[in-house]
Amino acid sequence: MKKDTLKSLYARLKSANSYPEWLSLAEEIDALNDHLAWQSHIPDDGVYALLDVHVKRINTLIASRQWLKLVDFLRESLYRMVAELNSHRLYSLALTGPKHVVESYLSAVECALDCICETEIKELSVSQKLAVFTQAETNFGRPALMLSGGGTFGIYHVGVVKALLEQGVLPEVISGTSMGSIAAGILAVNDDQALYELFKKPEERHYRPLKRLPWRDMFSAKALLNEAQLNECILANMGNLTFAEAYRKTGREISISVSSNRPGQKPRILNYQTAPDVLISSASRASCSVPGLFPPCKLRAKQANGNIVDYMPSEYWVDGSFASDIPQQRIGRLHNVNYFIVSQANPHVLPFVSHRQKSGLAAVAKDLAVSSLVSQSRTLLKVAQRRLHREPWRSWLDHGSLILGQEYLGDINLHPDFPAQWFLKFMKNPTIDEIHYLLKTGERTTWPYLKMIENQTRISKKLRACVTHLQTQ
């Protein structure tokens with residue numbers, strides 16, 4: 001009886017239509033599996049026992065108003081516990097979250113930070129507090145959302161964004177590449193209220209970037225697809241704001257990855273710091289220019305008088321995902337990010353990452369097989385690059401090396417589990433029903449990770465809030 005009930009609940013969980021519905025079903029499943037009791041129990045040793053000790057110590061220092069000792073203890077505690085708190089194993093059993101002591105610890109830290117921030121402390125001036133919190137924020141880092149390429153599958157990212165936004169855990173730092181740049185551009189130019197309105201009627205949005213050129217035009221354009229259709233889609237979704245204008249409007253730190261069409265050049269990250277006057281729409285257009293499908297294009301920028309001109313006129317730009325689909329290192333350096341939430345929808349990546357977050361013998365076997373295949377392919381490509389120097393072989397080998405040499409995953413990975421027949425649709429404009437399916441798939445993929453994302457970004461959000469509060473004093 002219990003087995004049949006669980007089977008039914010898991011089936012309903014996969015087809016839930018809202019996060020409250022998903023969470024209610026998850027709670028029923030956890031109750032039947034005795035995971036609710038597990039969440040309440042604190043073992044006598046190990047990380048959970050240590051967290052409990054730290055909670056009691058923090059509460060004691062707050063109650064006795066020993067603020068300087070509290071500052072020192074928080075430094076030590078966070079340095080010691082941050083790696084443990086980011087471990088996936090804390091969330092591997094119960095669907096509804098880790099043991100309650102994890103959240104008790106996070107709540108205690110948040111309370112302590114608020115007390116230090118808001119209480120008048122004789123030994124700490126406001127400027128000294130600000131220096132302490134600024135340093136702590138720098139040390140602790142920030143979260144970022146990374147949106148991959150993926151053709152039509154890129155619409156899936158919008159569903160991921162919706163789930164994160166509705167639960168208040170959408171990072172301010174967001175990177176988009178190729179078709180992921182369209183989702184990033186939508187985020188760049190729309191504040192939260194505008195996004196909620198957008199989500200209500202997704203069928204009214206322009207999600208049709210693909211249109212095949214007539215045969216007679218393909219050779220002259222050196223492309224299979226109509227760039228005018230792509231431009232129309234991009235402009236309909238993000239208009240002609242620059243990175244700087246969009247940042248002032250929404251406060252989101254949006255980056256888009258592009259690659260130079262000249263060989264030997266490194267990919268670029270465009271955002272309000274590195275290219276403030278560049279139009280987001282032109283950056284997205286360049287990032288979507290998959291060689292062979294769309295022709296390379298120039299970037300466009302807005303002058304102080306409002307005129308639109310070419311940016312770096314002699315340069316042409318193409319799809320950024322070939323060289324840097326998920327540019328973690330550069331985003332980390334630019335925005336002090338140390339925690340990456342990756343929404344991965346690339347069809348050439350999905351078959352090779354679906355096992356990464358699963359357990360069991362089959363997942364281990366697939367992990368070994370895929371890792372071995374990728375390693376051997378990299379070795380073969382290196383040998384070929386050493387031996388073959390003529391075009392077009394050299395260019396294709398270089399592209400293949402870049403694709404295989406990338407890291408496509410982050411700290412939390414949100415990737416869809418599409419049926420096999422869907423991989424034939426990734427370069428076709430979706431129907432209205434398919435748009436709704438992609439968006440809902442993005443939400444359903446994200447819901448199981450919301451508690452982990454919330455917990456693992458709570459302290460960085462609290463530090464940012466404290467810094468902002470102290471800056472106004």
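Tutor: Helices (H or I, at least four residues) and strands (E, at least two) are DSSP runs, numbered from the N terminus. The model is predicted: local features need pLDDT of at least 70, side-chain atom pairs count only at pLDDT 80 or more, and totals for chains, interfaces and linings use all residues. Residues are numbered from 1 along each chain as its sequence is written, and side-chain values use heavy atoms, with hydrogens and water left out.

Student: In which helix does histidine 54 lie, and is it buried or exposed?
Tutor: The helix is H4, residues 47–63. Buried means under 20% relative accessible area, exposed over 50%, and partly exposed in between (1.4 Å probe, protein chains only). Histidine 54 has a relative accessible area of 4%, so it counts as buried.

Student: Which residues is histidine 54 in contact with, leaving aside neighbours within four places in sequence?
Tutor: Contact means heavy atoms within 4.5 Å. With those neighbours left aside, the partners of histidine 54 are Phe73, Ser77, Arg80, Met81 and Tyr105.

Student: How many helices and strands does the protein have?
Tutor: Count the DSSP runs over the protein. They come to 21 helices and 9 strands.

Student: What percentage of the contacts between residues at least 6 apart join residues at least 24 apart?
Tutor: Start with contacts in the protein between residues at least 6 apart in sequence. The share joining residues at least 24 apart is 76%.

Student: Within what arc do the buried residues of H16 fall?
Tutor: In helix H16 (residues 328–335), the buried residues are Gln328, Ile331, Gly332 and His335. The arc is that of the directions from the helix axis to the C-beta atoms. Seen down the axis, these buried residues line one face of H16, because their arc is 105 degrees.

Student: Which strands are included in what covers the buried residues of H16?
Tutor: Look at what packs over that face. The cover includes E1 (142–147), E2 (173–177), E3 (253–260), E4 (268–270) and E8 (337–343).

Student: Which residue follows H16 with a positive phi?
Tutor: Its phi is near 55 degrees. The residue is asparagine 336.

Student: What is the largest C-alpha distance between the residues UniProt lists for "active site"?
Tutor: The unreviewed UniProt entry lists Ser178 and Asp319. UniProt positions are given in the numbering used here, feature names are shortened, and annotations may be inferred rather than shown by experiment. The two are spread over 142 residues of sequence, yet cluster in space, with a largest C-alpha distance of 5.7 Å.

Student: What polar contact distance joins the side chains of aspartate 319 and serine 178?
Tutor: Serine 178 sits in the loop between E2 and helix H9 (180–189), while aspartate 319 is in strand E7 (residues 317–319). Both are buried, at 5% for serine 178 and 2% for aspartate 319. A polar contact is a pair of N or O atoms within 3.5 Å; within protein, one must be able to donate a hydrogen and the other to accept it, and residues adjacent in sequence count only if both atoms are side-chain atoms. Here the distance is 3.1 Å.

Student: How many salt bridges does the whole structure hold?
Tutor: A salt bridge is a side-chain nitrogen of Lys or Arg within 4 Å of a carboxyl oxygen of Asp or Glu. Side chains of opposite charge can pair when their charged atoms come close. The search of the whole structure finds 21.

Student: How many residues apart are glutamate 103 and lysine 451?
Tutor: Their side chains meet in a salt bridge, 3.7 Å from N to O. The pair links distant parts of the chain, from helix H6 (residues 100–118) to helix H21 (residues 450–471). The separation is 348 residues.

Student: Which residues are linked in a network of salt bridges?
Tutor: Some salt bridges join up. The linked residues are Lys162, Glu166, Lys440 and Glu443.
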